[in-house]
Amino acid sequence: MDAGSTGTDAGGTGGGAPDGNGGSATGGGSAGGGETAGSPSNLPEPACNDGVVKGSTCTAASSQFCYKSCGPDNLGFKSETCQNGAYVEQSVPGCSFPAAQDYSCYKLPSRLPSECPTGVPRGGRPCQISSCTVCFGGAATAPQYQDSTGVQKPGFCVCAGAVWTCASTTSWPCPDGQGCD
C-alpha cells in the first residue's frame with residue numbers, strides 16, 4: 001500500500017486489486033500506498049492473479065507480465081514484470097490512469113476541507129462526509145493517510161460509498177494524472 005493499492009489504500013499492488021501506492025477496502029494489497037473499494041473495469045489484460053505481488057518470487061513457469069489495479073477506487077493500473085526471479089512493479093508513473101475517465105472527484109484541495117474529520121483517515125474504514133471530498137491528515141504540503149493495516153503513508157483519501165478509499169501521492173490521479181486541472 002505504498003506505490004499502488006487496491007481497495008481502501010490506493011497505490012499498491014495486489015492480486016486483482018492494487019495496493020502498492022495505496023490499498024483497497026475490498027481488494028488485496030501489496031507494496032503500495034493507497035486503498036480503494038472499487039472494482040477495476042479498465043484493467044488491461046492480462047490481469048495479475050492474487051499471488052503476484054511486488055517482490056514476490058517468480059519462475060519461468062510464472063506469469064511473466066501482468067497488470068494490477070491501483071489508485072483510489074482502483075481507477076488506475078500498473079504492471080508487474082518477472083525479472084531475475086522476482087516481480088518488479090511499474091515505478092514511473094506509480095499508477096497509470098486511462099485518459100477517458102472523469103477524475104474531478106479526486107481533485108486535490110489547496111487546504112483541508114472543513115467537513116474532513118480530525119486526524120488521519122484510514123483506508124477501508126467508514127466515512128460520513130460528502131462523496132468526492134478529498135481528505136488527509138497533516139498539511140496539504142505533506143498529506144498523510146493510513147492504509148488498511150494502520151500504517152501511515154503520504155497520500156490522500158476520498159469518501160466513496162461511505163468508506164474511505166485512499167492512495168499514495170504517487171498513485172493519485174491528481175495532480176500528475178489526467179483530468180484534474
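A nonpolar core is here a set of buried Ala, Val, Leu, Ile, Met, Phe, Trp, Tyr and Cys residues joined through side-chain atoms within 4.5 Å. Buried means under 20% relative accessible area, exposed over 50%, and partly exposed in between, with a 1.4 Å probe and protein chains only. The largest nonpolar core has 14 residues, and of these Y106, V158 and W172 touch the most other members. Another core, of nine residues, lies apart from it and has C116, C127, C135 and C159 among its members.

The model is predicted: local features need pLDDT of at least 70, side-chain atom pairs count only at pLDDT 80 or more, and totals for chains, interfaces and linings use all residues. Residues are numbered from 1 along each chain as its sequence is written, and side-chain values use heavy atoms, with hydrogens and water left out.

The protein chain has zero helices and eleven strands. Helices (H or I, at least four residues) and strands (E, at least two) are DSSP runs, numbered from the N terminus. Buried residues make up 52% of the 181 residues in the protein chain. The chain exposes about 7,500 Å², of which carbon and sulfur atoms supply 52%; accessible areas come from the Shrake-Rupley method with a 1.4 Å probe, and for residues only the protein chains shown count as cover. With contact taken as heavy atoms within 4.5 Å, 54% of the contacts between residues at least 6 apart in sequence join residues at least 24 apart.

Strands β4, β5 and β6 form an open sheet in that order, with antiparallel pairing. Two strands pair if DSSP finds at least two bridges between them. The edge strands β4 and β6 (86-89) each pair on one side only. On average, neighbouring strands of this sheet are turned by 35° against each other, direction ignored; the axes are lines fitted to C-alpha atoms, for helices over the stretch in contact, and angles run from 0 to 180 degrees between N-to-C directions. Strand β5 (residues 76-83) pairs with β6 over four bridges in the antiparallel sense, and Q83 has A86 in β6 as its bridge partner.

V52 is buried, with a relative accessible area of 2%. Its C-alpha atom is separated by 9.1 Å from that of S62, ten residues apart along the chain.

The aromatic side chains come next. Rings of Phe, Tyr and Trp (its six-membered ring) pair if their centres lie within 6.5 Å; planes under 30 degrees apart count as stacked, over 60 as edge-to-face and the rest as tilted. The count by this rule is six aromatic pairs. F136 and F156 form an edge-to-face pair, 5.9 Å centre to centre with 90° between the planes. Because F136 lies in the loop between β7 (134-135) and β8 (137-139) and F156 in strand β10 (residues 152-160), this pair ties together parts that are 20 residues apart in sequence. F136 is buried at 2% relative accessibility, and F156 is buried with a relative accessible area of 7%.

F156 also pairs with W172, in a tilted arrangement of 5.4 Å centre to centre and 55° between the planes. This pair links distant parts of the chain, 16 residues apart: F156 in strand β10 and W172 in the segment after β11 (163-168). W172 is buried, with a relative accessible area of 2%. Y106, F136, F156 and W172 form one aromatic cluster.
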